[in-house]
Amino acid sequence: MADRSSGSTAKPWVRWQDWAAVVLGAYLIIGTLWTPTNGSAMSAMIVLGALLVLASVWSLAMPGSMTSEYCHMLLGALLFISPWVLGYTSHMGASWTSWIVGVLAVLAGAAALPEANAAHRGVAGQH
């Protein structure tokens, strides 16, 4: 029987938390089509949504990368504060979308950290 502790058992493209973050980023981008926004809200939603998708794909491709999970959480935090920082709290749809997706992105990144850490230790242990 193979010893599973001798290496990383993490497989790329399977972690549900990263797929959830891809969906969140895509929703954020596409949500600008039906959510009333102003220029700063639209820019924040598109840019941060695209960055979230990129960080998620990075995390899916490299399941041992802990940095990508921290990126999810950082982007989620930036998204959460963006309505106040960029001044679009008067656009309630855009604000709520930013707040909800931001919180969910932080939660998805935090939920993936233990698996990413285990995969990272498995990869590091192979050297």
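Student: How many aromatic pairs does this predicted model have?
Tutor: The count comes to 5 aromatic pairs. A pair needs ring centres within 6.5 Å.

Student: Why is the pair of Trp96 and Trp99 called edge-to-face?
Tutor: Start with distance. The ring centres are 5.1 Å apart, and the limit for a pair is 6.5 Å. Now take the planes. They stand at 85°, and edge-to-face needs over 60 degrees. So the pair of Trp96 and Trp99 is edge-to-face.

Student: What separates Trp96 and Trp99 along helix α4?
Tutor: About one helical turn, because the two residues are 3 apart in α4, which covers residues 92-124.

Student: Is Trp99 buried or exposed?
Tutor: Its relative accessibility is 13%. Buried means under 20%. Trp99 therefore counts as buried.

Student: Why is Trp96 called partly exposed?
Tutor: Trp96 has a relative accessible area of 47%. Partly exposed lies between the 20% cut-off for buried and the 50% cut-off for exposed. So Trp96 is partly exposed.

Student: Which residues do ring pairs link into a cluster?
Tutor: Phe80, Trp84, Trp96 and Trp99.

Student: What is the hand of the crossing of α1 and α2?
Tutor: Left-handed. Among the α1 residues in the contact are Trp19, Val22, Leu28 and Ile29. On the α2 side they include Met45, Ile46, Leu52 and Val53.

Student: What is the make-up of the contact of α1 with α2 by class?
Tutor: The contact has 15 nonpolar, 4 polar and 1 charged residues.

Student: How do you know that α2 is roughly antiparallel to α3?
Tutor: Use the angle again. α2 and helix α3 (residues 66-85) pack at about 165°, with axes 9 Å apart. The cut-off is over 145 degrees. That makes α2 roughly antiparallel to α3.

Student: In what kind of crossing does α2 pass α3?
Tutor: α2 passes α3 in a left-handed crossing. Residues of α2 that meet α3 include Leu48, Leu51, Leu52 and Trp58. Among those in α3 are Glu69, Cys71, His72 and Leu75.

Student: What does the contact of α2 with α3 have by class?
Tutor: It has 10 nonpolar, 6 polar and 1 charged residues.

Note on methods:
Residues numbered from 1 in each chain as written. Predicted model: local features only at pLDDT ≥ 70, side-chain atom pairs only at ≥ 80, totals over all residues. Heavy atoms only, no water. Phe/Tyr/Trp six-rings, centres within 6.5 Å; stacked < 30°, edge-to-face > 60°. Helix = DSSP H or I, 4+ residues; strand = E, 2+ residues; numbered from the N terminus. Buried < 20%, exposed > 50% of the residue type's maximum accessible area, 1.4 Å probe, protein only. Left-handed = near helix turned anticlockwise from the far one by under 90°. Contact = heavy atoms within 4.5 Å. Nonpolar A, V, L, I, M, F, W, Y, C, P; charged D, E, K, R; others polar. Axes fitted to C-alpha atoms, helices over the stretch in contact; angles between N-to-C directions. Parallel < 35°, antiparallel > 145°, perpendicular 65-115°, else oblique.
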